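Here is a friendly walk through one protein model, taken a piece at a time. Keep the structure open beside the text and look up each spot as it comes along.

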Amino acid sequence: MRLADWSYRRRRLVVVLWIATLIVGSVLAQRFGGDNDFSFSTPGSESEEAQDLLRERFQARSGDDFDVVFEAPGGVRTSDVQRDVEAFLARVSEVDHVVSVESPYDPDGASRISRGGTIAYATAHLDVTADRFPREVGRELLELAEEADRDGLQFELSGFALQAAQEQEFSSEGIGLMVAMLILLVSFGSLLAAGLPILVALFGLALGSSLIALLANVLEVPDFAPQVAAMIGIGVGIDYVLFIVTRYRATLHAGREPHDAVVTAIATSGRAVVFAGCTVIISLLGLFVMNLGFLRGVAVGAVSAVLVVMLASVTLLPAVLGFVGRNIDRLHVPFVRRRAADDRRTLSYRWSRVVQRYPWPAALVCFVVLVALAAPLFGMRFGFPDSGNDPEELTTRRAYDLLAEGFGPGFSGPLLLVAESTSGAGAVDMQVLARVGRAVEGTEGIVFVSPPRPSPDGGVALMTAVPAGSPQDEDTEKLVQRLRDDVVPAATEGTGVRVLLTGSTAGAIDANRYVADRLPLFIGSVILLSFLLLLVVFRSLLVPLKAAIMNVLSIGAAYGVVAVAVEGGWFGSLFGIQEAVPVPSFIPMMMFAILFGLSMDYEVFLLSRVREEYVRTRDNTVAVADGLAATARVITAAAAIMISVFLAFVLGDQVFLKMLGLGMATAIFVDATLVRMVLVPSTMELLGDANWWLPRPLARVLPEVHVEAEIGRLEEELGGLLEDEEAGALPR
């Protein structure tokens, strides 16, 4: 309350400080911002160990590769085609980070030309991994390929290193802000009131982006971290300000002065905002449990954005409201008429009473629907989508199709066999590697194995094995496991040679397995910490328990919808997913981290108001109905904004973005409708006063922290502030 009072009275200073902070942050980010970094390495995995070995002993092959695929209907061996291809490959070899290029026209390059003689490929070796390959260099390669195209000769590029370079700039943040403004106009009916959430969200977005750029100096921050932080920052920023401004308008309409309305709004809704933000932060920090560097960068970046908008909501917003005063309803939108949020004639109040009249049928039907939606998640297959899922207008997809046509789909995801001597003699025994090569090539599912290539000191050797299936095929995953468990150990037993499997396909398999194994620990830790926070906030055992269960149900429903969509068919085609694809394991992990926190936001907003009404009336039934009526508009508007923002991801090119957007939009929709409008009122009606039960021994141990302000105490504090003002201790 004191902070809100100070921000209101010192509003000019507060606004100046925020603007100055924004300017300083932007300048520091531009001058001292770090570079984005993304390595999806999995600690302790075989693929990571093999990559470390290559970096230490075989630096020329420690980076990733990309393929230059070309098609000439008249034949790739004709003199004019060979001349043009060799000229193009010479230009590629001069590009930054390209250390060598293996051409199909080399003496040992015949295997790089298809049997029909119309498709061939060259392999360019990089001195960096795909995650560290600069996007601008990738764009330079794309431009070179486009310039080299001519009638009778088509060039395409394939590889993870080119994925980021070919992506079109797509501002889902801009779409989200535009949709948010429209929804806020309908919700508030006033241009001025609708503009305040956007203003605070923009401050949070700008300052949060600056903080993320500075954090890149000390953390591994992937290039998509700013987009994730922006989406979360916009969502929670608009939510928080929307919640506070709604309470401010209601208090103002009740006859309060602007100062009292601001302090009341911050002391009630603002306090709920702080605790809601804490649940989001706890959920995001749970990503640290995964022990993956890039996830730590994503988590800290998103937490920074949430902290900024939280602070802006309880300092900058009261200051701005001080300038707005009673003009909050000015610039009215024509044809928009809204009843007061606590008006018992609202649809939400009447709906709550209907649900409370039939609580058992409502709860059971809702539970069955949620379980039915979640059921398909048990058939979800984890994996990593390959370039065959890219849109046809992207070069990686066209290159994939050419390689599949000429050599088979496995050429897009070769396996790397890295060998080292364990006997201490130094050089790897080439005869043993030849035996390993024959054993691997004789394995069902392998179409080709290259001869071993030793490192300069001979201590490490490298072979390439091409599977028959594509990287995302389930058979390819089984093949990798069979090679690791049976074929390679049998061929190297007792030889003093150790062979490890790596490459993009093997690395993705290891990463998915690593994340899937740690996912229960991550989910459990987030639920436990959130439960403890809500236990302290609401001083109830059943309220946080119900909140955790309901959030898991809504997220499970989202997983189920995603599982159906990735199977393709008519439902998947609605979102641009034409064929069945596996789900990267980090998708459900990131979905849970984001959605659990956001769902808890809504739970805190609703239950804090219900708790406030219960403390005032001691009537659980009335408190639930009044609390739902008072928060329905703000939660519905916030949910509509988030759903629109998340669905914007579906418009992107990458299939994993489609999964993320669809899943998050589904969870928010389910949470704002089935959970909030049916499960919450029905279960709270069934439990009655037991909702607020807390064992006495536990009550004595827990600290006294209330998310809701007691009305009597609030009046006393407002009176104290008024006395200080009259005594001249506070500025007006």
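His-97 sits in the loop between helix 4 (79–93) and strand 2. This is a predicted model, and in it the phi of His-97 is near 75°, a positive value in a residue other than glycine. Most residues other than glycine have a negative phi. As for cover, His-97 is partly exposed, with a relative accessible area of 26%.

Arg-618 shows a positive phi too, about 60°, although it is not a glycine. You'll find Arg-618 in the loop between helix 21 (586–617) and helix 22 (620–647). Arg-618 is exposed, at 53% relative accessible area.

In what order do the strands of the open sheet of four run? The order is 2-3-1-4, and the pairing is antiparallel. Strand 2 (98–102) and strand 4 (154–158) are the edge strands; each has a single partner strand, so one side of each is left without a neighbour in the sheet. From one strand to the next, the twist averages 25°. Strands of a sheet pair through backbone hydrogen bonds, either parallel or antiparallel.

Here are the pairings, with a pair of facing residues for some of them.

| Strands | Bridges | Residues facing each other |
|---|---|---|
| Strand 2 and strand 3 | four bridges | Val-98 and Leu-126 |
| Strand 1 and strand 3 | seven bridges | Asp-65 and His-125 |
| Strand 1 and strand 4 | five bridges | Val-68 and Leu-157 |

Strand 1 (residues 65–71) pairs with strand 4 in the antiparallel sense, and its pairing with strand 3 is antiparallel as well. Another bridge on the strand 3 side links Val-69 to Tyr-121. Strand 1 is mostly covered, with six of its seven residues buried.

How many of the eight residues of strand 3 are buried? Eight of the eight are, so strand 3 is largely enclosed by the rest of the structure.

Helix 5 (residues 135–148) touches strand 1 and strand 4, and its direction makes about 160° with that of strand 4. Helix 15 (residues 395–407) also packs on the sheet, touching strand 1, strand 3 (119–126) and strand 4. The direction of helix 15 makes about 100° with that of strand 4.

**Helix 16, side by side**

Helix 16 (residues 430–441) has 12 residues. Its first and last C-alpha atoms are 16 Å apart, close to the 16 Å expected at 1.5 Å a residue. At the start of helix 16, a side-chain oxygen of Asp-429 comes to within 2.9 Å of the backbone nitrogen of Gln-431.

Which residues of helix 16 are buried? They are Val-432, Leu-433, Val-436, Gly-437 and Val-440. An α-helix has 3.6 residues a turn, so residues three or four places apart point the same way. On the other side of helix 16, Gln-431 and Arg-438 are exposed.

What do the buried residues of helix 16 pack against? Their partners are strand 5 (415–421), strand 6 (446–449), strand 8 (460–467), helix 17 (474–492) and strand 9 (497–502).

**Two more spots to look up**

Pro-454 belongs to strand 7 (residues 453–454). At 41% relative accessibility, Pro-454 counts as partly exposed. Leaving aside its neighbours within four places in sequence, Pro-454 is in contact with Phe-58, Met-430, Val-460 and Ala-461. Ala-419 lies 35 residues away from Pro-454 along the chain, and their C-alpha atoms are separated by 9.0 Å.

Ser-269 has its place in helix 10 (residues 258–285). Is Ser-269 buried or exposed? Ser-269 is buried, with a relative accessible area of 3%; the cut-off for buried is under 20%. Setting aside neighbours within four places in sequence, the contacts of Ser-269 are Phe-243, Ile-244 and Arg-247.

Note on methods. Residues are numbered from 1 along each chain as its sequence is written. This is a predicted model: local features need pLDDT of at least 70, side-chain atom pairs count only at pLDDT 80 or more; totals for chains, interfaces and linings use all residues. Side-chain values use heavy atoms; hydrogens and water are left out. Two strands pair if DSSP finds at least two bridges between them. Helices (H or I, at least four residues) and strands (E, at least two) are DSSP runs, numbered from the N terminus. Axes are lines fitted to C-alpha atoms, for helices over the stretch in contact, and angles run from 0 to 180 degrees between N-to-C directions. Contact means heavy atoms within 4.5 Å. The expected span of a helix is 1.5 Å times one less than its number of residues. Buried means under 20% relative accessible area, exposed over 50%, partly exposed in between (1.4 Å probe, protein chains only). A polar contact is a pair of N or O atoms within 3.5 Å; within protein, one must be able to donate a hydrogen and the other to accept it, and residues adjacent in sequence count only if both atoms are side-chain atoms.
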